[in-house]
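Thank you all for coming. Please bring up the sequence and the model on your screens, and I will walk you through a few places in the fold one after another.

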Amino acid sequence: MAKVKGFFKKAYRLFKNNKKASYLSLLAIPLVLYFGVYLYSLTQNHTYKLSKEDMEEGASFDDFNLVVQDQKYNPKNGTYVIKVRADTDNDEKVVLDSNNLSVKAITNKDRKSYQPNVYHTLNDYFVVEIEDIPKDYGSLKLHFNYKDSKNGDDDSNRSGDLYVSAVGKNIDKNLTPQSKKTYYRDSYIYLKNRLEKEIEDKKRDIKYNKENIHSIKKENKKLDANDPILSKKEQRQTQSTIDDNNSSIESSKENISHDKKAIKEKQKNKENVEKVINDL
């Protein structure tokens, strides 16, 4: 062990006293750093990672928000496909088509504009297909112009921006531009899955309301507003609790009835969608 330590000390003194070696090592440091950065860049996707908040914010309009349902990018051929849906806070239907919505794509790095192919496959859902997007595009801004014609002939134009950046699972090196028929089929499959999820959500709501009714009835059996042990005030409070519970039971029954009707309607819609898919 002492011999090994002696060897390294001797080598260090030789290197320290050799000015040429020291000078060369100083020159090598920035080269090593540069080469390391270069190797790292080769292993990374060149897209600019937007924050989760930027991605979820979407393009906001008065009655709806446009949000990304799915996105895929192929850095090999520059194909970028973004599937966009319209979210609303109410039950009002949104109808978007080429007559009231226009789309333009802009890269954030070199500010280059692209006119995408837009396929309005559903009333509240459409596909944006862009070609020749370079690997170092940074991120894309989808700029929307929306013409709201609800007020008769008094059209009002509004605009909004949606930002996307494909990373990780959004990279698909087999992605190519598809036919209109293919996008329609994919959209109806998405609609079928959405209806199935909505049906399952309604079933869970029904289960919750049934459990709520059972729990409240169980509680009511323990309550007696005429119990002589209770004071007059306590009897009134008990009766008030029973009345509130009964009201909650009726509300849950109404919700169950409403959800059952909704399930039947959605099930019928799902069957119609499946027929469309089979015909495409």
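Where is the place of Val-164? In this model, which is a predicted one, Val-164 has its place in strand 9. Because its relative accessibility is 0%, Val-164 counts as buried, the cut-off for that word being under 20%.

Five strands form an open sheet in the order 1-2-3-7-6, with antiparallel pairing, and its edge strands, each of which pairs on one side only, are strand 1 (59-60) and strand 6 (117-122). Between strand 6 and strand 7, which covers residues 125-130, the antiparallel pairing runs over four bridges, and in this part of the model Val-118 stands opposite Val-128 of strand 7. Across strands 2, 3, 6 and 7 lies helix 4, made of residues 180-221, and this helix runs at about 40° to strand 6.

Next comes the packing of nonpolar residues. In soluble globular proteins, nonpolar side chains tend to be buried together. Here the largest nonpolar core has 28 residues, and among those that touch the most other members are Leu-66, Tyr-80, Ile-82 and Phe-126. The elements giving two or more residues to this core include strand 2, strand 3, strand 8 (140-148) and strand 9 (156-164). There is also a second, separate core, with 13 residues, and Val-127, Tyr-183, Tyr-188 and Ile-277 are included in it. As for Tyr-80, its contacts beyond four places in sequence include Val-128, Ile-130, Tyr-137 and Val-164, the residue we started with.

Is Lys-83 buried or exposed? Lys-83, which is found in strand 3, is buried and yet has no salt bridge, since the nearest side chain of opposite charge, that of Asp-186, is 4.1 Å away, whereas a salt bridge needs the charged atoms to lie within 4 Å.

Finally, a word about the backbone. Most residues other than glycine have a negative phi. Asp-132, however, has a positive phi near 65°; this residue sits in the loop between strand 7 and strand 8, and it is exposed, with a relative accessible area of 57%. Arg-111 also has a positive phi, of about 60°, and its place is in the loop between strand 4 and strand 5.

Key. Residues numbered from 1 in each chain as written. Predicted model: local features only at pLDDT ≥ 70, side-chain atom pairs only at ≥ 80, totals over all residues. Heavy atoms only, no water. Buried < 20%, exposed > 50% of the residue type's maximum accessible area, 1.4 Å probe, protein only. Lys, Arg positive; Asp, Glu negative; His and termini not counted. Pairing = 2+ DSSP bridges. Contact = heavy atoms within 4.5 Å. Axes fitted to C-alpha atoms, helices over the stretch in contact; angles between N-to-C directions. Core = buried A, V, L, I, M, F, W, Y, C linked by side-chain atoms within 4.5 Å.
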